[in-house]
Amino acid sequence: MGSAGFEVDLHEARPFLGGRATSFPVSPAEPDSERIDNCQHVLLRCCTNLLDFYRRCGVLDQIRFFDEYCFVEPGGRVSRLKPGLLGFLRLRILGAGDRVAVARGLWAMKRERGRPDLDDVTFAAWLADHHQTARAIARFWTPVVVSALNEEPARASAAPAFQVFLEGFLGRNRSYEMGVPAVPLGELYSAALERRLGNRVRVHLRSPLARLDPVSGEADYYVSAVPFERLAELVPDLGLDLARFEHSPITGIHLWLDREATPLAQAALLDRTIQWMFRKSERHYQLVVSASRSLVPLARQEVIDLAWKEFREFFPSARGARLERAHVIKETRATFSAVPGLEALRPGPVTKFPNLFLAGDWTRSGWPATMEGAVRSGYLAAEAVTQAAGRPQKFLVG
């Protein structure tokens with residue numbers, strides 16, 4: 001908004017910007033402690049607004065893109081998904097019948113992309129109706145959907161699942177490429193934002209607002225970017241029906257070994273609890289479990305034991321390694337759960353108050369609960385403010 005000529009006061013409850021996309025020191029008492037991410041964030045080339053946001057922040061060069069996906073089976077066999085039909089046909093994690101089923105499913109998605117009832121059924125039901133094999137579901141559809149939506153196919157709406165595949169796998173030539181930040185998220189978002197906000201934007205950290213009264217006259221316009229569970233408390237008279245919104249958790253496990261376990265930079269891990277591995281350094285690996293409801297009640301050591309056991313299944317060279325330390329991060333309110341019927345309840349940026357607007361990945365951004373969705377929601381709210389002010393500007397890309 002500062003770039004559009006508005007004077008902005010930004011109130012952030014936490015001592016840093018970036019929200020859930022942040023990093024923190026492993027050992028807070030040590031000044032030079034290593035910083036680890038709250039959770040691993042990734043993006044695809046089709047996330048045009050997120051890429052525009054990175055450009056605005058001056059950190060686009062800090063995103064490392066991969067043009068192939070690695071899949072690792074228990075035992076250590078690695079399969080690589082490369083672009084194009086030939087790359088897909090060579091994907092060893094699937095049999096010939098599974099690959100045919102997936103091809104039929106992707107083709108059906110292109111035909112049915114305009115179906116008005118996609119948000120009424122789960123993605124699992126859609127897969128069953130389209131005769132997907134058990135192996136295709138377990139090793140292709142589920143890893144992609146759980147990672148992108150933070151929800152299981154049996155709970156996730158078919159509508160956002162369609163978007164993942166249509167935008168990523170069936171979009172433009174390089175839309176599927178996966179980007180991974182090459183620096184800690186705190187440096188990518190918080191530090192970069194503070195450098196780029198400009199003198200029109202005043203940042204107030206550790207400044208939570210208990211209530212927001214749009215008719216108080218304290219400001220001309222307000223934008224709320226709080227999570228859905230905080231909105232009724234912040235603006236009691238807004239009148240939105242948010243009762244069906246619920247959270248889906250993500251768990252991150254950091255492992256530090258006494259030696260290198262794999263040269264792979266990233267990999268999807270199949271047929272076990274742990275879903276993804278990201279190599280942070282030669283001896284530091286971050287493991288991710290999305291929609292991690294089964295891990296939430298477990299004690300810290302139980303999660304570490306499970307992760308270490310499975311890690312050695314996937315990477316046999318780690319079997320002789322020593323686990324030097326580990327850290328578990330349970331983000332129990334990571335995203336909203338994209339269940340069927342929820343899309344119609346996601347509010348847009350405009351509210352019943354002409355000077356109050358909403359942002360956040362849970363609002364109706366046109367995308368699921370992702371960083372792309374979060375940025376889109378902010379851009380849409382900014383556009384709504386400029387429209388209300390009588391000097392409309394366009395921020396949304398694509």
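**Strand pairing, helices and aromatic contacts in a predicted model**

Helix 10 is followed by Gly390, whose phi is positive, near 80 degrees. This is a predicted model, in which local features need pLDDT of at least 70, side-chain atom pairs count only at pLDDT 80 or more, and totals for chains, interfaces and linings use all residues. Residues are numbered from 1 along each chain as its sequence is written, and side-chain values use heavy atoms, with hydrogens and water left out.

Helices (H or I, at least four residues) and strands (E, at least two) are DSSP runs, numbered from the N terminus. Helix 10 covers residues 371-388. The expected span is 1.5 Å times one less than the number of residues. Helix 10 is mostly covered, with 13 of its 18 residues buried. Buried means under 20% relative accessible area, exposed means over 50%, and partly exposed lies in between (1.4 Å probe, protein chains only).

Helix 5 (residues 134-149) is kinked by about 40 degrees at Thr142. The kink lies shortly before the proline Pro143. The bend at a residue is the angle between axes fitted to the seven residues ending there and the seven starting there. Both Thr142 and Pro143 are among the buried residues of helix 5, which also include Arg139, Phe140 and Trp141. After helix 5 comes Asn150, with a positive phi near 55 degrees.

Strand pairing was examined next. Two strands pair if DSSP finds at least two bridges between them. Strand 11 (residues 247-257) is mostly covered, as 10 of its 11 residues are buried. Strand 11 pairs with strand 15 (residues 323-336) in the antiparallel sense over 10 bridges. Here Thr251 stands opposite Lys330. Strand 11 also pairs with strand 14, again antiparallel, over seven bridges. In that pairing Leu255 faces Tyr285 of strand 14.

Strand 14 (residues 284-290) pairs in turn with strand 13 through four antiparallel bridges. Trp276 stands opposite Val288 in strand 14. Four residues link strand 13 to strand 14 in a hairpin. Strand 13 (residues 276-279) is joined to strand 12 (residues 266-269) by three bridges, and these two strands run antiparallel. Ala267 has Met277 of strand 13 as its bridge partner. Strands 12 and 13 form a hairpin with six residues between them. Asp271, in the turn, has a positive phi of about 70 degrees.

A separate description applies to strands 4, 8 and 5. These three strands form an open sheet in the order 4-8-5, with antiparallel pairing. Strand 4 (43-44) and strand 5 (63-66) are the edge strands, each pairing on one side only. Four bridges join strand 5 to strand 8 (residues 178-181). Phe66 has Met178 of strand 8 as its bridge partner.

Arginine side chains lie over aromatic rings at two sites described here. The charged end of Arg45 sits over the ring of Phe65, 3.7 Å from its centre. Arg325 lies over the face of Trp256, at 4.2 Å from the ring centre. A charge sits over a ring if NZ of Lys or CZ of Arg is within 6 Å of the ring centre and within 35 degrees of the ring normal.

Rings of Phe, Tyr and Trp (its six-membered ring) pair if their centres lie within 6.5 Å; planes under 30 degrees apart count as stacked, over 60 as edge-to-face and the rest as tilted. By this rule there are 21 aromatic pairs. Tyr69 and Phe169 are stacked, at 6.3 Å centre to centre and 25 degrees between the planes. Tyr69 lies in strand 6 (residues 69-72) and Phe169 in the loop between helix 6 (158-168) and strand 8, so the pair ties together parts that are 100 residues apart in sequence. Tyr69 is buried at 9% relative accessibility, whereas Phe169 is partly exposed at 27%. Trp308 and Phe311 are also stacked, because their ring centres are 6.1 Å apart and their planes lie at 20 degrees. These two residues are three apart in helix 9 (residues 300-314), about one helical turn. One aromatic cluster includes Tyr69, Phe140, Trp141 and Phe169.

The structure holds zero disulfides (cysteine sulfur pairs within 2.5 Å). The sulfur of Cys39 is 15 Å from the closest cysteine sulfur, in Cys47, too far for a bond. Cys39 is buried at 8% relative accessibility.
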